[in-house]
Amino acid sequence: MNTPSLLGRSINRTRGFFNTVDLRIFGVVLALATWLAVWLLVGSAFLPARYDLTAGDVAPDLIQASRTLTFENRAETERRQQQASEAVPKVYVFDATVLPRVTRNANAYFDGVTRIVAEERALAQATSQPYDAARTAKRIRELPGQPAVGEATAGVLSSLDDASMALVRSSVIESVKRILEGNVTEATLATDRDRLKSVIGTMALTAEEVAAAGDIASVLLEPNNLYGAEKTQQAQERSAADVQPVIITVRNGETILSPGQVVTDENVAILQALGLNQQGRKFGTLAGLALIVAIEVLFLVIYINSFEKRMRGSRSLQFIAASLLTLFALLDRISAISPLTPLIVPMAALGMLGTLILGTRMSAILVILSSVNLAIVGGSDPQYILVGLFGGLAAVFLVTHVSQRRDLMRAGLVAGLVVIATAVGASQISESSFARLTSGTAWGAGNAALAIVATIGLLTIYEMVFNLPTPQKLLELADPTRPLLKDLMMKAPGTYNHSIIMGNIAEAAAEAIGANQLLARVGAYYHDIGKLNRPDYFIENQFHIQNPHDRLTPGLSRLAITAHVKDGVALATAEGLPPDIIDIIKEHHGTTVLSYFYHKAKESTREGVVDEEAYRYAGQKPVSREAAIIMLADSVEAAVRSLNNPTPRGIKTLIRDIFDQRLHDGQLSESRMTFGDLEKVRLVFEKCLQGFGAMRIAYPQKEKKGRGSGAGEVTRRSGGSR
């Protein structure tokens with residue numbers, strides 16, 4: 001763009017400075033700058049003004065939510081879990097071994113008592129002394145490993161005969177069995193001992209025997225329902241796990257505390273979650289954001305280096321991608337300021353801009369990353385990422401083949417409808433209400449309008465600053481009244497005609513393989529503008545003149561012919577054509593051989609030994625698919641035009657031969673053309689160039705007699721031009 005204004009000169013100087021910086025250094029610095037800018041913008045949403053408040057304090061002023069946020073009140077959840085856990089009763093486990101053990105202990109005790117009584121009676125009989133009941137009672141009380149009973153009980157036992165002893169024994173065992181048929185716990189042990197004595201009182205025993213049996217049974221009785229600490233803990237854990245998390249949602253701009261209001265625990269939790277409370281400051285949040293943004297930038301760098309060859313070598317496109325990511329991070333941050341909402345961020349504009357400038361895949365990736373940033377700023381509310389993703393991706397698909405500004409408006413409106421529908425649907429996910437429905441519709445409509453305005457405005461700026469080949473720019477360049485095209489038509493009409501035909505077949509071929517049709521057409525229009533400097537040196541412009549090459553050596557002819565590539569680049573640069581067009585001019589001959597002059601040089605005795613490499617173009621091999629199409633179309637159109645008697649079969653054979661020559665010569669080795677693409681392009685060329693084989697009807701001849709001459713002069717009128 002030749003802009004005489006101060007702004008234009010400044011833009012050109014800035015662009016020139018960028019182009020002088022080493023590409024790798026530029027990429028590294030740009031990646032670091034993008035990471036820092038996006039991190040600061042997204043992270044600033046977590047660094048609003050802070051307060052130092054605890055429960056029971058009085059709010060000094062009005063405190064509002066700085067962004068929409070849904071979070072779990074962990075402290076309240078834990079309090080409710082603790083309550084649920086404490087409400088769980090202790091779990092007791094029945095021990096079936098208690099009754100057999102108590103029965104054994106009772107039998108062992110009475111066996112010992114019976115043995116002592118028998119020994120004392122035998123001793124008294126053997127010594128002819130009276131039976132010493134007191135000593136017997138003392139020995140009973142001192143039985144090792146046996147229950148300790150009272151003196152009265154021991155005295156009663158020492159005086160019992162064998163029959164009474166057996167009756168007391170059976171009464172103790174029977175009563176214990178009855179009680180242990182139920183659940184005896186530590187808490188109920190005292191009550192169960194009273195019940196035990198009541199049961200013994202119903203048996204056929206004397207009062208003294210009942211008291212003794214009750215004393216013995218009470219000592220022997222033990223709990224058969226034991227406290228299960230592990231099972232109790234498991235029950236408490238299950239009860240705590242059943243408690244639902246306490247989820248709190250605050251909306252952007254919602255009042256948290258009014259001046260003079262007493263602060264509650266819930267208020268403190270909200271302030272901490274929003275980062276408004278000094279006690280809630282978490283540097284880990286910023287560190288986590290730094291890591292996430294670093295992953296985003298690293299993902300972009302890896303993707304560009306792996307799949308975007310065009311962007312890998314373009315500082316301008318790299319800068320545009322970085323600037324779009326940063327710009328929409330800024331919009332994300334602004335949207336978090338009350339009374340705005342993240343629903344207003346025009347992610348559809350990013351989808352349209354990215355697709356028009358960077359391509360469909362790159363645009364989709366930028367939309368995804370920016371939607372992630374939007375969700376982070378919006379407090380991880382699902383509706384924000386849904387609106388961002390669906391609106392942005394819809395715009396990506398809708399503008400893939402846009403070529404007119406009115407098409408851009410139409411695509412923006414459709415993307416806006418997607419945004420509105422998504423905003424309405426997503427707004428009902430967390431809270432279904434008429435107010436939310438109305439709010440979602442309003443913000444969605446504003447988003448759609450802003451997306452159209454932002455796309456058109458930013459596209460104009462990017463076009464001007466970076467000289468981009470947008471569809472609108474390419475349509476302007478295709479205007480035949482443009483200075484270069486007008487000069488080409490007037491000074492080199494054969495070349496102009498050749499370029500127009502090439503534009504038609506290149507556009508059709510680009511459409512067949514999904515390449516940029518408009519870029520292919522406009523690139524064909526300008527690919528030979530370098531011939532303007534010496535139009536007569538090219539056969540298509542030699543009308544009724546002597547061929548200048550008849551007077552030149554093959555070496556000089558080579559210089560004159562190959563110079564048109566360099567001359568074309570110079571003219572295109574001076575005219576301010578986009579870099580993509582200039583690349584097509586550079587690459588449309590690749591490093592092919594000027595076969596006519598090479599063979600002429602070999603036949604010439606003056607040239608001596610001829611090196612084929614000396615007769616190759618010193619340009620670059622095609623990189624883009626559009627440049628590869630132009631190279632093939634240029635060769636094919638010129639070759640078909642040179643046929644003396646073109647037939648459909650001859651045209652097909654010639655096209656196939658030219659494609660094979662370019663492949664074997666390695667001219668397409670750096671392009672992104674696949675064999676499938678080449679086959680589609682070949683078929684399109686064959687179809688488009690069949691017209692060269694059409695036969696014309698011979699018109700009748702008309703004789704005119706010249707005055708003063710008897711000879712007839714024959715003229716033939718043609719119904720068209722070639």
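Residues are numbered from 1 along each chain as its sequence is written. In this predicted model, local features need pLDDT of at least 70, side-chain atom pairs count only at pLDDT 80 or more, and totals for chains, interfaces and linings use all residues.

**Exercise 1.** Find the largest nonpolar core and the contacts of Leu 324.

Solution. 
- A nonpolar core is a set of buried Ala, Val, Leu, Ile, Met, Phe, Trp, Tyr and Cys residues joined through side-chain atoms within 4.5 Å. Buried means under 20% relative accessible area, exposed over 50%, partly exposed in between (1.4 Å probe, protein chains only).
- The largest core holds 57 residues. Those with the most contacts inside it are Ile 320, Leu 324, Ile 357, Leu 358, Met 362 and Leu 366.
- Apart from it lies another core of 52 residues, including Ala 515 and Ile 658.
- Now take Leu 324. Not counting residues up to four places away in sequence, Leu 324 touches Leu 350, Leu 353, Gly 354, Leu 358, Leu 366 and Tyr 462. Contact means heavy atoms within 4.5 Å.

**Exercise 2.** Decide how the buried residues of helix H26 are arranged.

Solution. 
- Helices are DSSP runs (H or I, at least four residues), numbered from the N terminus. H26 spans residues 595-603.
- Phe 597, Tyr 598 and Ala 601 are its buried residues.
- Seen down the axis, they fall within an arc of 105°, so they line one face of H26. The arc is that of the directions from the helix axis to the C-beta atoms.
- The face turned away carries exposed Tyr 596 and Glu 603.
- Helix H24 (554-575) is among what covers the buried residues.

**Exercise 3.** Describe the lining of the second largest pocket.

Solution. 
- A pocket is an open set of points on a 1 Å grid over the protein atoms alone, where a 1.4 Å probe fits, with protein on both sides within 12 Å along at least five of seven lines. Lining residues have an atom within 4 Å of a point.
- This pocket has 44 lining residues. Nearest its centre are Ile 539, Glu 540, Tyr 596, Ala 638 and Ala 639.
- By class, the lining has 17 nonpolar, 14 polar and 13 charged residues.

**Exercise 4.** Are Ser 128 and Asn 467 buried or exposed?

Solution. 
- Ser 128 is not a glycine, yet has a positive phi of about 55°. Ser 128 sits in the loop between helix H4 (98-127) and helix H5 (133-141). Its relative accessible area is 65%, so Ser 128 is exposed.
- Asn 467, also not a glycine, has a positive phi of about 55°. Its relative accessible area is 5%, so Asn 467 is buried.

Notes: Heavy atoms only, no water. Helix = DSSP H or I, 4+ residues; strand = E, 2+ residues; numbered from the N terminus. Nonpolar A, V, L, I, M, F, W, Y, C, P; charged D, E, K, R; others polar.
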